[in-house]
Amino acid sequence: MDEEYDVIVLGTGLTECILSGIMSVNGKKVLHMDRNPYYGGESSSITPLEELYKRFQLLEGPPESMGRGRDWNLPGPALS
């Protein structure tokens with residue numbers, strides 16, 4: 001990463017997302033990142049369903065009868 005940014009925002013909780021949005025609409029070059037593969041802090045959700053299976057190391061993945069993984073939204077912090 002050889003790029004330069006005006007602001008680096010770590011985390012994707014509500015406060016961080018608002019801060020990142022405000023800075024970017026005011027012309028700042030923003031790098032917004034999180035260590036998790038999903039957005040949101042305490043209000044996060046896990047999408048797609050395959051991420052839930054990975055978290056619990058269930059190698060077989062969700063059954064086809066559950067439909068598309070993106071159709072599911074599960075609370076993230078409650079699963080931590």
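Start by selecting Gln57, which sits in the loop between helix 2 and strand 4. Helices and strands here are DSSP runs (H or I, at least four residues, for a helix; E, at least two, for a strand), numbered from the N terminus. Before you go on, note that this is a predicted model: local features need pLDDT of at least 70 and side-chain atom pairs count only at pLDDT 80 or more, while totals for chains, interfaces and linings use all residues. Residues are numbered from 1 along each chain as its sequence is written, and side-chain values use heavy atoms, leaving out hydrogens and water.

Stay on Gln57 for a moment. Its phi is near 55°, a positive value in a residue other than glycine. Most residues other than glycine have a negative phi. Is Gln57 buried or exposed? Gln57 is exposed, with a relative accessible area of 66%. For these words, buried means under 20% relative accessible area, exposed means over 50%, and partly exposed is in between (1.4 Å probe, protein chains only).

**Zoom out to the whole chain**

Now show the cartoon. Follow the chain from the N terminus and the elements run β-α-β-β-α-β. Of the 80 residues in the protein, 25% are buried. The protein exposes about 6200 Å², with carbon and sulfur atoms supplying 54% of it; these areas come from the Shrake-Rupley method with a 1.4 Å probe, and for residues only the protein chains shown count as cover.

**Select Met66**

Next, pick Met66, in the loop between helix 2 (49–55) and strand 4 (74–75). Met66 is partly exposed, with a relative accessible area of 27%. Which residues does Met66 contact, leaving aside neighbours within four places in sequence? They are Leu49, Tyr53 and Trp72, where contact means heavy atoms within 4.5 Å. Try the distance tool on Met66 and Leu49: they are 17 residues apart in sequence, and their C-alpha atoms are 9.3 Å apart in space.

**Select Pro37**

Move to Pro37, in the loop between strand 2 and strand 3 (45–46). Pro37 is exposed, at 60% relative accessible area.

**Select Lys29**

Now show the side chains of Lys29 and Glu3. Lys29 forms a salt bridge with Glu3, and the closest N and O atoms are 3.0 Å apart. This pair links distant parts of the chain, 26 residues apart: Lys29 is in the loop between helix 1 and strand 2 (30–33), and Glu3 is in the segment before strand 1 (7–10). A salt bridge is a side-chain nitrogen of Lys or Arg within 4 Å of a carboxyl oxygen of Asp or Glu. Side chains of opposite charge can pair when their charged atoms come close. How many salt bridges does a search of the whole structure find? The search finds one.

Lys29 lies over the face of Tyr5, at 5.3 Å from the ring centre. The rule for a charge over a ring is that NZ of Lys or CZ of Arg is within 6 Å of the ring centre and within 35 degrees of the ring normal. Lys29 is partly exposed, with a relative accessible area of 39%.

Select Ser20, in helix 1 (residues 14–25). Ser20 is buried, with a relative accessible area of 8%. Not counting residues up to four places away in sequence, Ser20 touches Val9, Val30 and His32. With His32, the side chain of Ser20 makes a polar contact, side chain to side chain, at 3.0 Å. A polar contact is a pair of N or O atoms within 3.5 Å; within protein, one must be able to donate a hydrogen and the other to accept it, and residues adjacent in sequence count only if both atoms are side-chain atoms.

The last stop is Thr12, in the loop between strand 1 and helix 1. Thr12 counts as buried, at 5% relative accessibility. Its side chain makes a polar contact with the side chain of Asp34, at 2.5 Å.
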